[in-house]
Amino acid sequence: VNRLRMSTENNTIDGTYFANVSFGGKTLSKLQVKLRYGTGSYETVTANPADIYYPSNDYGNMYAAYAEVTDIVKANKSGTYTVADIALVQGNGTSTGFYGGWGMVVVYQNSVMNWRDITIFDGYAYVPGSTTYSATLPVSGFNTVQTGPVNMKLGMMAGEGDRDITGDYFQIIDQSSNWVSLSHAGNSTTNFFNSSIYTGGNVRDPNDLNNYGTDISMFYIDNEDNDIITNNQTSTTFQYGTTQDTYIIYCIAMA
């Protein structure tokens with residue numbers, strides 16, 4: 001597991017991590033959510049203070065936090081998981097607007113399947129809106145197969161990408177140093193961050209068109225003749241940008 005952070009600005013972290021959200025007489029914390037499997041009881045999941053990026057009056061106040069839930073998933077296996085008490089504000093406001101959501105990355109071993117090298121990158125990459133902006137995102141620490149075809153699956157989580165605002169993109173560099181624009185069945189190369197959830201046919205509930213401003217995807221990258229990712233490769237570079245939409249990228253998973 002590798003960690004990335006694209007910004008070195010002062011986080012100006014609120015030491016209490018409280019959001020100004022009151023619900024049912026309680027104040028919600030940005031460090032905590034409630035997680036439930038099936039129809040069982042909710043249990044509190046708390047992120048380590050080092051695993052939250054909480055900009056104050058900057059970056060549209062969009063925050064992201066991470067927590068380890070391996071023991072919970074190992075105990076319950078596959079099924080329906082529900083998250084509650086996310087520190088969010090209801091309605092619409094500010095120039096950015098309000099959005100919120102959550103996602104889970106599950107890495108598993110199956111003895112009848114081919115081995116894969118799995119790498120998860122957590123962090124925070126902010127893209128401003130109403131402007132033309134681009135940045136690169138170098139990742140390293142994975143290992144591709146030594147010989148033969150490289151089958152590459154990419155996972156992504158992002159927030160605040162609007163469905164009706166185009167001009168945002170996500171690209172990967174190929175072996176000829178050209179940028180290849182990526183997309184899947186739920187978006188397009190010119191509107192990659194469009195609040196779509198596409199994970200290869202799995203059904204979520206509720207299944208909403210705009211998904212509360214959250215992008216979650218998992219898809220294969222066309223790597224014919226290993227022209228994008230080749231054998232014995234340990235690093236690559238992504239490029240992301242916009243001509244008008246604002247969003248944050250907070251998780252990339254590669255297999």
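Leaving aside its neighbours within four places in sequence, which residues is Met 254 in contact with? Keep that in mind while we look at the whole model.

**Before you start**

This is a predicted model, in which local features need pLDDT of at least 70 and side-chain atom pairs count only at pLDDT 80 or more, while totals for chains, interfaces and linings use all residues. Residues are numbered from 1 along each chain as its sequence is written, and side-chain values use heavy atoms, with hydrogens and water left out.

**Stop 1: the whole protein**

Switch to a cartoon view. Along the principal axes, the C-alpha atoms fill a box of roughly 60 × 45 × 35 Å.

Now colour by burial. Of the 255 residues, 40% are buried; buried means under 20% relative accessible area, exposed over 50%, and partly exposed in between (1.4 Å probe, protein chains only).

**Stop 2: the largest nonpolar core**

Select Leu 154, Phe 170, Phe 238, Tyr 240, Ile 249, Ile 252 and Met 254. These have the most contacts inside the largest nonpolar core, which has 27 residues. Such a core is a set of buried Ala, Val, Leu, Ile, Met, Phe, Trp, Tyr and Cys residues joined through side-chain atoms within 4.5 Å. Strands that each supply at least two residues of this core include strand 9 (119–127), strand 16 (235–242) and strand 17 (247–254).

Zoom in on Met 254 to settle the opening question. Beyond its neighbours within four places in sequence, Met 254 is in contact (heavy atoms within 4.5 Å) with Asp 117, Ile 118, Thr 119, Phe 121, Val 139, Phe 142, Met 152, Lys 153, Leu 154, Thr 236 and Phe 238.

Apart from this core lies another one, of 15 residues; select Ala 47, Ile 52, Tyr 54 and Ile 86, which are among them. In soluble globular proteins, nonpolar side chains tend to be buried together.

**Stop 3: two buried loop residues**

Next, pick Thr 246, in the loop between strand 16 and strand 17. Is Thr 246 buried or exposed? At 12% relative accessibility, it counts as buried.

Move to Tyr 99, in the loop between strand 8 (81–84) and strand 9. Its relative accessibility is 18%, so Tyr 99 counts as buried. Not counting residues up to four places away in sequence, Tyr 99 touches several residues, including Met 62, Glu 160 and Ile 248.

**Stop 4: two positive phi angles**

Most residues other than glycine have a negative phi. Select Asn 211, in the loop between strand 14 (197–198) and strand 15: its phi is near 50 degrees, a positive value. Asn 211 counts as buried, at 5% relative accessibility.

Finish at Asp 225, in the loop between strand 15 and strand 16. Asp 225 has a positive phi of about 60 degrees, and at 72% relative accessibility it counts as exposed.

Notes
Helix = DSSP H or I, 4+ residues; strand = E, 2+ residues; numbered from the N terminus.
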